[in-house]
Amino acid sequence: MVKADAYGLGMERVAAALAQALPEGALFAFGVAAVAEGERLRASGWTGRILVFSPLPPSDYDRGADADLTLCLSDIDAVELWAEAGTRAGRQLGFHTEVDTGIGRAGFAWHQAALWGAEVMRRAAGRLRWEGCFTHFHSADEPDLRPTELQCERFEQALAALPAEPAGEPRRLIHAANSAGALRVRGRRWDLVRPGIFLYGGTAGAELQPEPVVSVRAQLVLVREVPPGTTAGYGATYVAGGLERWGTLAIGYGDGLRRALAPAGGSALLLGRRVPLVGRISMDVSVADLTGLPEVEAGEVATLIGNDAEEEITLDEVAARCGTISYEVLTGLTARLPRLYSPAEAT
Ligand SMILES: *Cc1c(COP(=O)(O)O)cnc(C)c1O
């Protein structure tokens with residue numbers, strides 16, 4: 001899954017790296033959420049399959065056909081629109097059907113599969129290629145896997161009720177698992193998995209921890225000693241209790257460093273040591289208390305997410321402090337923050 005600019009990390013670079021890293025045949029397709037993302041991936045030179053997982057506005061179907069995308073369809077109207085786009089393009093276009101087993105945001109109803117299955121077959125006959133069928137888990141990263149098991153049962157029931165592929169046509173590919181599902185759901189043997197967050201260093205409710213993938217770093221641009229009573233940030237919410245040493249970091253919420261982080265015990269790493277962020281995070285800068293680190297000078301690089309020597313601030317730690325999820329922290333990193341890719345570019 002490389003939707004949302006590969007979770008904020010840069011879709012083109014990430015897709016190229018994945019395509020290179022995965023063994024031959026392991027990469028079935030890239031998953032995006034919108035036609036515009038599929039177009040970008042095509043422009044970057046990717047000629048393999050691209051699945052668009054979210055329902056489209058009606059105006060996007062012809063663009064989807066032009067970019068040779070595979071759509072995921074959730075209702076009969078969408079099947080018809082895609083067939084008509086295929087007719088205009090002069091090609092039989094491919095699609096997967098989504099089955100709603102509880103996510104509620106998209107998909108044909110799981111309990112009516114016999115009904116819509118027959119209608120999808122009828123509309124697709126001679127016009128479209130029905131290549132796959134999938135569902136999406138809503139709670140596969142929760143400790144309790146029973147809701148996910150229920151979704152699996154519903155999905156199996158829907159699959160059993162679907163009409164068989166016409167003779168001579170390839171078997172429809174079946175898939176369900178996101179990262180958490182792929183790591184945690186046992187005993188289901190379907191054709192594909194759709195990992196996202198785990199590839200990008202977010203935990204997925206599993207014992208297996210991801211490797212750290214993303215670091216967020218910023219330079220110290222100003223270091224000063226401040227007398228007791230000095231205040232930091234908008235609202236002057238932090239007051240120096242004694243003689244303190246403060247450092248201004250060139251990163252703020254305009255870069256995606258969330259305001260909620262500072263009052264929630266947020267910290268930075270400098271010279272392998274953890275130091276607290278003090279006062280409110282501004283749009284462009286934030287302030288760290290360096291009192292215990294007299295040797296740090298302007299120009300030093302602070303780590304807001306990632307490792308510095310033995311110390312680490314994980315993506316999930318930052319998300320938890322901010323009361324959100326790793327997905328939102330990553331996709332919230334803004335364009336102002338340059339993306340450097342290792343080993344070539346990161347320092
Ligand atoms: C985003 C998404 C995924 C990936 O989910 P992760 O939790 O990031 O692994 C898989 N399938 C669909 C349909 C998605 O929208």
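1. Ala6 has its place in helix α1; helices here are DSSP runs of H or I with at least four residues, strands are runs of E with at least two, and both are numbered from the N terminus. Phi of Ala6 is near 50 degrees, a positive value in a residue other than glycine. Ala6 counts as buried because its relative accessibility is 0%; buried means under 20% relative accessible area, exposed means over 50%, and partly exposed is in between (1.4 Å probe, protein chains only).

2. On the source: this is a predicted model, in which local features need pLDDT of at least 70 and side-chain atom pairs count only at pLDDT 80 or more, while totals for chains, interfaces and linings use all residues. Residues are numbered from 1 along each chain as its sequence is written, and side-chain values use heavy atoms, with hydrogens and water left out.

3. Asp5 is also found in helix α1, which covers residues 3–8. Asp5 is not a glycine, yet it has a positive phi of about 55 degrees. With 24% relative accessibility, Asp5 counts as partly exposed.

4. Of its 347 residues, 46% count as buried.

5. The ligand is surrounded by 13 residues, a residue being near a molecule if one of its heavy atoms lies within 4 Å of it. The closest are Lys3, Tyr7, Ser179, Ile197 and Tyr327. By class, this shell has six nonpolar, four polar and three charged residues. In that scheme Ala, Val, Leu, Ile, Met, Phe, Trp, Tyr, Cys and Pro are nonpolar, Asp, Glu, Lys and Arg are charged, and the others, Gly among them, are polar.

6. Taken alone the ligand exposes 390 Å², and the protein buries 94% of that (Shrake-Rupley method, 1.4 Å probe).

7. Ser44 is in the loop between α3 (35–43) and β2 (50–52). Its relative accessibility is 39%, so Ser44 counts as partly exposed. A polar atom of the Ser44 side chain lies 2.7 Å from the backbone oxygen of Leu41. Ser44 and Arg13 are 31 residues apart in sequence, and their C-alpha atoms are 9.1 Å apart in space.

8. Gly266 is in the loop between β11 (244–249) and β12, and Gly266 counts as buried because its relative accessibility is 2%. Ser267 lies in strand β12 (residues 267–270). Ser267 counts as buried because its relative accessibility is 8%. The side chain of Ser267 makes a polar contact with the side chain of Arg274 at 2.9 Å. A polar contact is a pair of N or O atoms within 3.5 Å; within protein, one must be able to donate a hydrogen and the other to accept it, and residues adjacent in sequence count only if both atoms are side-chain atoms.
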